[in-house]
Amino acid sequence: MQTTSTQPPILRAGMVGLGMIFDETYRPFFEQAAKDGLFSRRTGLVDVSLAAVATRTGSRAEKYRRAAPEPINRFGSFTGPTAAEEMIASGVDVVCVATPDDRHFGPARAALAAGKHVLIEKPSVLSLTELDELSRLARENGVLAKVVYHKLADPDHKKLRTHVADGVLKHVNNGYCSLLEPKSISTGQFAEWLTGRNPATYVAVHYLKLIDFSFGPHWRLSRITATGQRGLVGSAGGRTWDSVQLQVVYTHPDEREAAFDIHTSWVTPDNFPGYVEQEVQFRFDNGVWNAHQRKRGVELTVENRSPGELKYTPNYHYNGTFLEPWGERSQRGYGIEVIRRFFEEVAFVEHGGPASERTGRLHQMSGLAYNDVSADRNCVAIVQACEAILAAHADGHPGCVVRVNDPFGGLVLCKPGAAEPTILYQGRV
Ligand SMILES: NC(=O)c1ccc[n+]([C@@H]2O[C@H](COP(=O)([O-])OP(=O)(O)OC[C@H]3O[C@@H](n4cnc5c(N)ncnc54)[C@H](O)[C@@H]3O)[C@@H](O)[C@H]2O)c1
């Protein structure tokens, strides 16, 4: 067999934000990729390196550098207000954005404008105008702009969508989803950025995407309403929300409506058995799908270690560290798979065939609705509507409704008692 000493191509990644989600999903992916690279018959071996990181202070970067194995610990570190821009200019090919959700747009726009492929944590951005800008830059610069919705890679959710696609479950009518985070999240980890924010933007999007992707695309988004409660993480009349109840209505092609209620909170008692309590129910013409995070899996209690370090109801499908039966230590799960898949998509565009066919490969990958920002319109529209409804509520106008693609515009906020609607987004959603 003939051997060759040619170095494999490399994708140099830059990471903006080194918080919890970096540690749970990106870090294990980069460590695995540094060891084994990515391989498919179409691309051959492609190396991936964590070339640089951008954070506010650099302290988490140095902490990780001390813990990281060779050669990952050689990454460049950029800090301060222009860290992301400096990192992008330092010669990376791909930029991953995992900052708090109101700080995604700036680094994502700068990276796309510089012709880098981009992966953004959910929610991608907070307004349709921002989404339009990212989609345009990706198109003009011939790169991928994608968002992470890892729940779409959960085997249970994949099966739900498969049943819908195969016609086993017919015509969704309504459903509820609930995701409750413990108080320690809002009072600890997120305390720095959650003033003026709400838990729906941050976590309801998981279910918004699940609904939109699993039951769409042959329906249209029609209306959004929301309310919520305040007084625990902020003042009772302020702009920081403890919990939010969001309702989203779609219209099927046969004009029958479907409604979904999504409840989120970040003030659940820390000792509640489900660390992040998650439940969904979807009702169809001919069936019901019910999924409960705590009831599907393992229950574990270890004295002095649960529920802090070892959760009572761990989700090892999402992420787990294992001793494999063949003796190796591993970390795996759909949270990591979905990051790997994005890098495989970039590798396919850049190295999956002749340069003359790159445009075709790019279109193939940017046509994937599960993660492309161009297919995130309904989710971003709902997030933008929800934030506007909650802001109006805090300003003394509870009970607003946002109508989608009505005669006045794409996103139209209607306040009870007001003659004129407020146009949140003029173009079609
Ligand atoms: N897919 C999921 O299930 C999931 C889970 C958790 C978080 N997330 C998303 O990931 C993102 C980050 O969440 P997290 O839990 O890791 O938050 P975190 O608070 O743990 O970490 C945020 C990181 O961003 C850094 N940062 C903040 N502002 C910055 C700036 N202007 N420039 C550079 N770095 C900055 C912080 O220093 C920190 O390292 C959010 O968008 C969140 O919605 C997704």
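I began with the division of the protein chain, which falls into domain 1 (10-150 + 328-366) and domain 2 (155-316), with bounds that come from an automatic or database domain assignment. I noted that this is a predicted model, in which local features need pLDDT of at least 70 and side-chain atom pairs count only at pLDDT 80 or more, while totals for chains, interfaces and linings use all residues. I number residues from 1 along each chain as its sequence is written.

**Entry: the two domains**

I looked up the C-alpha centres of domain 1 and domain 2, and they lie 26 Å apart. The contact takes eight residues from each of the two domains, where residues are in contact if their C-beta atoms, placed from the backbone, lie within 7 Å. On the side of domain 1 that touches domain 2, I found five nonpolar, one polar and two charged residues; here Ala, Val, Leu, Ile, Met, Phe, Trp, Tyr, Cys and Pro count as nonpolar, Asp, Glu, Lys and Arg as charged, and the others, Gly among them, as polar.

I also checked UniProt, where an unreviewed entry lists residues 11-147 as "domain: Gfo/Idh/MocA-like oxidoreductase N-terminal", an annotation that may be inferred rather than shown by experiment. That span is 41% helix and 27% strand, and its end C-alpha atoms lie 18 Å apart. Helices (H or I, at least four residues) and strands (E, at least two) are DSSP runs, numbered from the N terminus.

**Entry: the ligand**

Which residues are closest to the ligand? I found 25 residues around the ligand, and the closest are Gly17, Gly19, Met20, Ile21 and Glu121; a residue is near a molecule if its C-beta atom, placed from the backbone, lies within 6 Å of it. By class, the shell has 13 nonpolar, six polar and six charged residues. Helix H1 (20-36), strand E3 (44-55) and helix H3 (83-89) each supply at least two residues of this shell, and H1 gives the most, with three. Domain 1 and domain 2 both give residues to the shell, so the ligand lies between them.

**Entry: the sheet**

I then followed an open sheet of nine strands, with mixed pairing and the order E13-E12-E8-E11-E10-E9-E16-E17-E18; two strands pair if DSSP finds at least two bridges between them. Its edge strands, E13 (288-292) and E18 (422-425), each pair on one side only, and the twist averages 15 degrees from one strand to the next.

Strand E8 (residues 172-182) and strand E11 (residues 257-268) run parallel and are joined by eight bridges, with Gly175 opposite Phe260 in E11. E10 and E11, by contrast, pair in the antiparallel sense over nine bridges, and Leu246 has Ile262 in E11 as its bridge partner. These two strands form a hairpin with five residues between them, and Glu255 in the turn has a positive phi of about 75 degrees.

Helix H8 (residues 199-215) lies across E8, E9, E10, E11 and E12, running at about 150 degrees to E11; axes are lines fitted to C-alpha atoms, for helices over the stretch in contact, and angles run from 0 to 180 degrees between N-to-C directions.

**Entry: loops**

I found a cis peptide bond from Gly216 to Pro217, with omega near 0 degrees, and Pro217 is in the loop between H8 and E9. Another cis bond runs from Lys122 to Pro123, with omega near -15 degrees.
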